Amino acid sequence: MRPHPIDRPADLDIVRESYDSVADNYVHMVLTSGIGDIRTHPWLKASIDAFADSVGGLGPVLDVGCGPGTVTAYLTERGLDVSGVDLSPRMIENARRLHPRCRFDVASATELDLGEGSLGGVLGWWSLFNLPRAVLPQVLAGFAGALKPGGYFLTATHVGDEDVVRTEAYGGVPVRWTTHQWRPEQLVALIEQAGLHPVAELRLPANEHTGPGVVIMARRPD
């Protein structure tokens, strides 16, 4: 049992329903356009490859907020013992259909029962930005505790100074979720407060599809 349960976001059910609504459109976008597929973005692919190289042999890896399982499947192809979880049941249905050899479960980042020192790696890949600002530090602390000494955490998220409320997404589907944007230095500070040591940071400029982003990899000290 977790000694300090993580606060449940007030909008968790609304966010789940929103991602269920857009799941099929999102999967279609990834499959037809390559948007959201790391293999079409050299710098994002390089970040995932660096993570895979770093955690190889350290133990199981958990992909938190895996969506339709694109990165989970890629890491599996790289030879890692990886499983994926996502808040949205419809996303998990798509992940299981597209990647039947991988392991997926429905779960929120705030509801995971992670054993102390049980994981070689944790991935929060463009998946933690819906967590309220007061909740994210609790989730990061849980990830840090779940990592084995020497284990790695990799995250990517949207950069900015404000929260952005979205009312439609992926083809105009009505949604209700908030994107909590962070400055890179703010996110690094939270990761350090969780007990992890940042080892790499990649800043991404805005492009035609999305605003600026940041990728951060951190390690649990030995």
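1. A residue counts as partly exposed when its relative accessible area falls between the buried range, under 20%, and the exposed range, over 50%. Arg103, at 45% relative accessibility, is therefore partly exposed, and so is Asp81 at 39%. Please keep in mind that this is a predicted model.

2. Arg103 and Asp81 form a salt bridge, with their closest N and O atoms 2.9 Å apart. Arg103 belongs to strand S3, while Asp81 sits in the loop between helix H3 (70-77) and strand S2 (82-86), so the pair links parts of the chain 22 residues apart.

3. Asp63 is buried and has no salt bridge, and Arg103, the nearest side chain of opposite charge, is 11 Å away. Beyond its neighbours within four places in sequence, Asp63 is in contact with residues including Val71, Val82 and Leu123.

4. The whole structure holds 16 salt bridges. One of them joins Arg8 and Glu111, at 3.9 Å from N to O. Arg8 lies in the segment before H1 and Glu111 in the loop between strands S3 (103-106) and S4 (119-125), so this pair ties together parts 103 residues apart in sequence.

5. Another salt bridge pairs Glu116 with Arg220, at 3.2 Å from N to O. Shared partners also join Arg8, Asp13, Arg16 and Glu111 into one network of salt bridges.

6. Finally, a look at two helices: the axes of H1 (residues 12-33) and H4 (residues 89-98) come within 7 Å and cross at roughly 30°. Among the residues making this contact are Arg16 and Tyr19 of H1 and Met91 and Leu98 of H4. By class, the contact has eight nonpolar, one polar and five charged residues.

How values were computed:
Residues numbered from 1 in each chain as written. Predicted model: local features only at pLDDT ≥ 70, side-chain atom pairs only at ≥ 80, totals over all residues. Heavy atoms only, no water. Axes fitted to C-alpha atoms, helices over the stretch in contact; angles between N-to-C directions. Helix = DSSP H or I, 4+ residues; strand = E, 2+ residues; numbered from the N terminus. Contact = heavy atoms within 4.5 Å. Nonpolar A, V, L, I, M, F, W, Y, C, P; charged D, E, K, R; others polar. Buried < 20%, exposed > 50% of the residue type's maximum accessible area, 1.4 Å probe, protein only. Lys, Arg positive; Asp, Glu negative; His and termini not counted. Salt bridge = Lys/Arg side-chain N within 4 Å of Asp/Glu carboxyl O.
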